[in-house]
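Okay, thanks for coming, everyone. Let me put the structure up on the screen, and then I'll walk you through it.

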Amino acid sequence: MDELALSVRNLSTVYDTGGSVVHAVRDVSFDLRRTERLGVVGESGSGKSALALSILGLIEPPGRVVEGEIVLGGRDISKLSDRQLGAVRGKEIALVLQDPSSALDPVKTIGSQIVEALTVHEPDLRRAAVRRRAAELLREVDISQAERRLDDYPHQYSGGMRQRVAIAIAIANNPRVLIADEPTTALDVTTQAQVLALLDRLVDEHRTAVILITHNLGIVSDFCDSVAVMYAGRFVETSGVDHIFVAPTHPYSEALLKCVPNPERLAEGPLPAISGFPPDLSQLPSGCSFAPRCPVGRDLPQCHEQAPVPHRVSGPAGEASVECHFAEQRIREVAV
Amino acid sequence: MGRVIAMRVLGSVGAVFGATVLAFMIMRVLPGNPARLILGPLATSQAVTALNHHIGLDQPLYTQYWRYISDFFQGNWGYSYSDGASVRKLIGERAPATIELALFSFVITMLAAVGLALLSTYRHRPITDRIVRGASYLGFGTPPFFLALLLLIVFFSTLHILPGPEGRLGVQAAAPAAVTRMYTIDALLAGELGTFWEALKHLILPGLALGISSFSFLVRLLRANLLEVSREPFITVARGKGLRRWTAFRRHALPNAFLPTLTAGGLVLGEFLAGSVLIERVFNWPGVGSLVFDAIVKQDYAIVQTFILLSAVMFVLVNLAVDLLYAVIDPRVRIPTVATA
């Protein structure tokens, strides 16, 4: 097995919102191997972005990481000070955000924002050298006339180009791990495909491990090796990418998959939706948090009273870890 | 960018035109005949008619208006009816005191607003934030002349740590050699530190009183801007590059939050320069405001009229300068968006 790039253990993050405590990330553990690409999928508000910020130590008050170990390249970074973390962020672990129109400072040039990503870790670099490196990075993300366009401002770039710049900033120091939080959601479909292809090529060349946060299962199937389904702040099902599409075991994963438009099922009528709403993260049910919406456990006392532990199951398309009381039973049904 | 500038300049010209028309009309609508006022109640009606003719009041309104603005822009502001000196000379003598007070007040107001806005937003401390917001409410609600009296009672008559309402310098102190005629600057130029300190102490209370309501306005504005900008994803991105919290804040949040504040700062400076009649009065500050106060009491129209127009023009010019500055420093205004695929 490849060496581990990142290992997260029992990570929990809460937001104190005056009176109620919102549990955004609840006891999440996972391993990311070198060059692995993990897709984290889930609805809005399931804690995906909070997870990304927690790993980077960028949770701002009133939020805070209450527990957890984040081992990056053999070192636990969860207990580091802000100054120490500064040397890790952008250097060993980098971030790409969703909305390219707000991810760049509107009053600073593109060049200065790329240069900043380099000089913060290597303050002694000469200006000319940094500028050359910044231009190289722009070329690497397929922006033509890179040298000249360094002096442009973000509003002179299109959305797709801005996202390329964001990627250039993220890969500037050749990080071990790249966290991309919905990197293509704000882009139109053609641009999405281009940006994804670019990301694909770069992480391949640089042998970067990726955590791709998305709600788009199509992107997961194209891009990722493994997938974690997130619900109400927890990873409810973790597996290789094939398993989730062949034998989704958690009822939530199954429901999520049914919501993906599929030409073969067009005749079956309108696209199904998952009934109900995600739970209020400040008042979580005591049992399984999906129970109130779950087609399997909605009426079962066990599901409402007892929180499920992760079950390791082995299905037709590989192993999975599933937080459901009925995981074994369900995988047997699929396998038959 | 050329278009932007042209629009701003045109807008300013329009504003000045509106102000001149307004000032002109107000003077015509007010009851009382200037000629009668000048000549006194015992003058014959022939004398009044003759004077009316002499000063052009029998001309059609548009002719009067034209004379009025062309005189104004040539610096031909007439003569004070109470002491016979030219209005230009009177205002010129008083202007440095007002400008010095305005600039001083502007600087401390801006520094305090930026400092406190930072304090209430940079670290998420609800208590500090609440105190700053409370203070700004008080500043909003307190009339400046009342605050001026309060400051005098506390710092002058009770604590005796700052000078009272005795103008720009104590009675014993001599004004420094006139260069800019702003005492603090002149004192520094002349190397008279004692005089500088004396002049500075005299600036503090009127400066505070003049600045308080603008401070409240600015601190609230800047606080809101900072809060908004610090939640922007580009701040997270900057932190994600490895920038320390303060560095990301200083390089990316502050400039973006400050840009909209610039416009407000222009308004404030314009307001200060236009002078505060009441504050100057309370502190016996020998500035344009005091001159105008006396002129109002003595019905010295030439001075009042010039002051109104002058402050309007000043206000418009300062704001024009700010707008142009804005166009220079905000790349989104300076450089048009180029459609690139």
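Let's start with charge: how many positive and negative side chains does chain B have, and how far apart do the centres of the two sets lie? Chain B carries 28 positive and 18 negative side chains, and the centres of those two sets lie 13 Å apart. For chain A, we have 34 positive and 44 negative charges, with their mean positions 5 Å apart. Before I go on, please keep in mind that this is a predicted model.

Now, the secondary structure. Chain A has 12 helices and 12 strands. Its radius of gyration is 21 Å, close to the 20 Å that the globule rule gives for 336 residues, so chain A is as compact as a globular protein of that length.

What about burial? In chain A, 53% of the 336 residues count as buried. In chain B, buried residues make up 44% of 341. As for the surface, chain A exposes about 14,800 Å², and carbon and sulfur atoms supply 51% of that. Chain B exposes about 17,600 Å², with 68% of it coming from carbon and sulfur atoms.

A quick word on contacts inside each chain. Take the chain A contacts with a separation of 6 or more: residues 24 or more positions apart account for 62% of them. Do that for chain B, with residues at least 6 apart in sequence, and 73% of the contacts join residues at least 24 apart.

Let me zoom in on a couple of helices. Helix 10 of chain A covers residues 251-258, and six of those eight residues are buried, so the helix is largely enclosed by the rest of the structure. The buried ones are A:Pro251, A:Tyr252, A:Ser253, A:Ala255, A:Leu256 and A:Leu257.

Over in chain B, have a look at helix 13, residues 288-297. Its buried residues are B:Val288, B:Gly289, B:Ser290, B:Leu291, B:Val292 and B:Ala295. And what covers them? The cover includes helix 5, helix 12 and helix 14 of chain B. Helix 13 is followed by B:Gln299, which has a positive phi, near 55 degrees.

Last stop, B:Ala175. You'll find B:Ala175 in the loop between helix 7 and helix 8 of chain B. Leaving aside neighbours within four places in sequence, B:Ala175 is in contact with B:Leu169 and B:Tyr183. And from B:Ala175 to B:Gln46 you go 129 residues in sequence and 50 Å in space, C-alpha to C-alpha.

Key
Residues numbered from 1 in each chain as written. Chains lettered and ligands numbered in written order. Predicted model: local features only at pLDDT ≥ 70, side-chain atom pairs only at ≥ 80, totals over all residues. Heavy atoms only, no water. Helix = DSSP H or I, 4+ residues; strand = E, 2+ residues; numbered from the N terminus. Rg over C-alpha atoms; globule rule 2.2 N^0.38 Å. Buried < 20%, exposed > 50% of the residue type's maximum accessible area, 1.4 Å probe, protein only. Contact = heavy atoms within 4.5 Å. Areas by Shrake-Rupley, 256 points an atom, 1.4 Å probe, with all protein chains shown as cover. Lys, Arg positive; Asp, Glu negative; His and termini not counted. Charge placed at Lys NZ, Arg CZ, Asp CG, Glu CD.
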